[in-house]
Amino acid sequence: MRLSGSDILVRTLIEQGCDVVFGYPGGQIINVYDSLYKYRDELHHVLTAHEQGAAHAADGYARATGKVGVVIATSGPGATNLVTGIATAYLDSIPMVAITGNVPTTHIGTDSFQEIDITGVTLPITKHNFFVGSVDKLADTLREAFKLASSGRPGPVLVDVPKDVQIAMWDYEPQAKVEPDEKSAAKEIRIQQAAECINSCERPFIYFGGGLIASDAQEELCQLADKIDAPIGCSFMGVSGVATNHPRFLGMQGMHGHYACSISMHNADCIIALGARFNDRVTGNRAKFATKAKIVHIDIDGAELSKTVNVAHGLRGDVKLTLQKLLPLINKVERPEWMGMVEGFKTEEHQNGDNRQGMTPKNVIETLNKHLAPNTPIATDVGQHQMWTAQYAKFENTRRFISSGGLGTMGFGLGAAIGAQMGTKEKTVLVTGDGSFGMCLNEMATAVHENLPIVVLVMNNGVLGMVRQWQTLFFNKHYSNTVLDRKTDFVKLAEAFGAKGSRAFTLEELDQSLTEAFSCDGPYLIDCAVDKDEFVLPMLPPGGSMDDIITKIGD
Amino acid sequence: MSRFTVAILVNNQFGVLNRVTSMFRRRQFNITSLTVSETESTQYSRITIQSEGEEDTKQQLINQLYKLPDACSIIELNSENTVSRELLLIKLGNNPETRGEITAASDAYEGKIVDYTKAAVMIQMVGDSRKIDNFINIMRDYEILEICRTGIVSLERGDETIRNVTLF
């Protein structure tokens with residue numbers, strides 16, 4: 001059938017299984033918005049307050065559902081406002097398609113009003129991007145974008161569509177939803193070598209990242225752990241990959257990881273890394289990282305193998321399929337000595353843990369835990385509150401921790417919570433800080449307009465806590481520009497946006513606020529007081545090793 | 001640190017060179033020579049890149065190239081099995097005192113004089129990079145006005161072609 005480019009664009013989104021898209025209109029995308037109006041019964045468009053919020057929402061939607069998130073923006077500033085959101089998705093390998101309008105092809109390259117070379121700008125932060133020069137290529141380019149975003153190691157893809165391409169007419173035939181490229185296991189010989197390595201080790205440690213979640217390999221992971229009698233740890237991006245209360249799970253590793261997890265990894269003689277990438281926040285000083293261990297690394301992206309740390313066995317392949325082939329080659333063993341040692345580390349962690357009463361960050365998150373349903377997504381912003389959430393929040397199901405790991409984007413949380421809520425239809429929690437929340441709180445307007453049941457828990461300590469923590473430890477307590485001392489009344493702010501809110505100074509008040517918030521149909525903000533001198537512990541100083549771990553702050 | 005040469009068959013599309021070199025830039029891989037040309041098929045262009053680094057750098061570079069959707073085929077060209085050539089144009093001052101030495105050197109290197117005026121002489125030379133480097137070094141004793149060289153073009157010996165290589 002003969003349709004305009006903008007109709008083709010929207011029809012192709014529907015054809016590809018989109019039920020909700022996030023965006024913001026403007027001059028060079030106005031035709032697409034006319035088509036969104038036309039097809040409004042089939043595709044729900046969420047208008048955000050800012051394009052950045054829309055990008056984070058598409059990202060949060062993708063993280064929570066595993067489907068491709070879609071964001072639409074106009075040319076120029078609309079497109080550049082997506083950049084932080086696209087980069088966030090890129091660093092965390094989140095499937096996203098970003099669609100931007102642009103000036104007509106006849107005006108491209110003339111510095112027209114609101115013209116920006118967005119394919120040039122986003123080249124280093126997308127898996128790939130497209131400039132659609134003619135309408136006959138539009139539908140297939142979009143299909144290719146969906147395929148690329150979801151194939152292999154997922155990531156964001158941008159499609160730039162000039163205005164005249166949106167107007168031009170062309171034939172459109174609906175097609176089936178594109179499937180991601182078929183995944184494959186690693187090479188047989190590599191799997192055999194890895195199996196030999198695993199079978200001959202004495203202190204194995206399984207370490208997984210976001211790639212395990214993307215590959216949906218939880219079951220295989222647990223089978224492997226049971227078979228070789230090994231503890232399990234994860235990277236920050238792996239949080240919610242296995243249930244927090246899994247008996248073998250030691251929690252998160254890395255700069256602010258759980259002590260038992262980090263020390264077990266340090267003492268292991270074989271690390272089986274699944275869909276993780278040994279980022280600097282994980283390894284600290286690379287020369288001193290896991291020196292006793294041979295590393296078996298399974299990742300779908302071959303470029304991650306031996307990128308930052310040398311691995312003994314690099315297996316390029318899908319984690320799930322590779323584990324399925326590996327498992328039959330693995331001998332079942334019991335390792336009472338090693339698991340005893342791990343138990344000892346857990347006891348040590350418990351003894352050194354924060355067992356204080358009152359309104360401590362740990363107790364705040366644990367109070368929140370009491371209100372969670374097994375499927376509640378928890379989004380965060382970036383900073384101390386993010387680490388406390390990763391450390392103490394309880395997760396039962398996968399894809400329920402929605403947080404910016406690689407890029408560490410303050411301002412990510414609220415948009416992401418909106419996307420996660422709309423993707424899952426579950427009551428959703430945002431844990432944020434007063435610093436991060438200040439960056440993109442305008443999206444409260446979106447949450448109110450869509451009447452989304454989002455519980456916003458602002459851990460308000462009046463400072464930029466994570467930077468302040470570094471200043472305390474490494475910069476002689478020179479609190480340069482980290483004391484906010486703002487007069488913002490977050491409860492009134494929530495009310496001004498049309499949401500509800502309350503304040504909590506004690507755990508009892510917090511519990512009460514949470515009860516109210518969880519029974520509220522729309523967004524509800526809790527301004528939760530936290531002391532400014534609380535630390536995220538343990539901490540491996542940047543570039544440090546297990547020898548430098550800080551578990552307690554002395555006065 | 002050693003030099004290595006990689007040939008990449010890429011989709012013949014607008015901006016593809018930018019995608020390849022952008023990856024080199026942001027991961028700080030050094031390019032010592034780069035050539036791009038059309039191929040026997042209008043569908044593909046061929047990029048020949050010479051770079052330098054340790055083995056792990058080389059492996060990482062190749063792995064990152066594989067991730068570019070426009071890269072269709074990639075081979076590392078090892079020097080024993082490859083014919084590599086560069087074209088040099090060099091313009092020198094034409095002085096009676098040095099003219100004889102320059103033309104003698106050019107003859108020894110199988111160069112060809114392609115322009116000759118009272119003030120200047122231009123020599124064209126084809127060869128592998130080392131030969132070109134050596135000739136330029138000899139010419140440094142004389143008055144070099146300007147130099148332009150193409151960068152490396154390379155093909156494997158025998159009937160193997162880059163199109164037979166499938167992406168892993």
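Reply: In this predicted model, helix α11 of chain A passes helix α14 of chain A in a left-handed crossing. The α11 helix covers residues 218-228 and α14 covers residues 319-326. Their axes cross at roughly 35° and come within 9 Å. On the α11(A) side, the residues that take part are A:Glu220, A:Leu221 and A:Leu224. Their counterparts in α14(A) are A:Lys320, A:Leu323 and A:Gln324. Sorted by class, this contact holds three nonpolar residues, one polar residue and two charged residues.

Helix α12 of chain A (residues 259-267) packs with helix α15 of chain A (residues 336-352) at an angle of about 145°, and the two axes are 8 Å apart. Here the crossing is right-handed, whereas that of α11(A) and α14(A) is left-handed. From α12(A), the contact draws on A:Tyr259, A:Ala260, A:Ile263 and A:Ser264. From α15(A), it draws on A:Val342, A:Phe345, A:Lys346, A:Glu348, A:Glu349 and A:Asn352. The classes represented are five nonpolar, two polar and three charged residues.

Chain A is divided into domain 1 (2-171), domain 2 (188-351) and domain 3 (361-536). The C-alpha centres of domain 1 and domain 2 of chain A are 37 Å apart. Where these two domains of chain A touch, five residues of domain 1 are in contact with five residues of domain 2. The domain 1 side of that contact consists of one nonpolar, two polar and two charged residues.

For the chain as a whole, the secondary structure of chain A amounts to 23 helices and 20 strands. The radius of gyration of chain A is 24 Å, close to the 24 Å given by the globule rule for 555 residues, so the chain is as compact as a globular protein of that length. The C-alpha trace of chain A spans about 70 × 60 × 40 Å along its principal axes. Of its 555 residues, 55% count as buried. Among contacts in chain A with a separation of 6 or more, 77% are between residues 24 or more positions apart.

Finally, chain A also touches chain B: eight residues of chain A are in contact with ten residues of chain B. The chain A side of this contact has four nonpolar, three polar and one charged residues.

Key:
Residues numbered from 1 in each chain as written. Chains lettered and ligands numbered in written order. Predicted model: local features only at pLDDT ≥ 70, side-chain atom pairs only at ≥ 80, totals over all residues. Axes fitted to C-alpha atoms, helices over the stretch in contact; angles between N-to-C directions. Helix = DSSP H or I, 4+ residues; strand = E, 2+ residues; numbered from the N terminus. Left-handed = near helix turned anticlockwise from the far one by under 90°. Contact = placed C-beta atoms within 7 Å. Nonpolar A, V, L, I, M, F, W, Y, C, P; charged D, E, K, R; others polar. Domains from an automatic or database assignment. Rg over C-alpha atoms; globule rule 2.2 N^0.38 Å. Buried ≥ 20, exposed ≤ 12 C-beta atoms within 10 Å, placed from the backbone.
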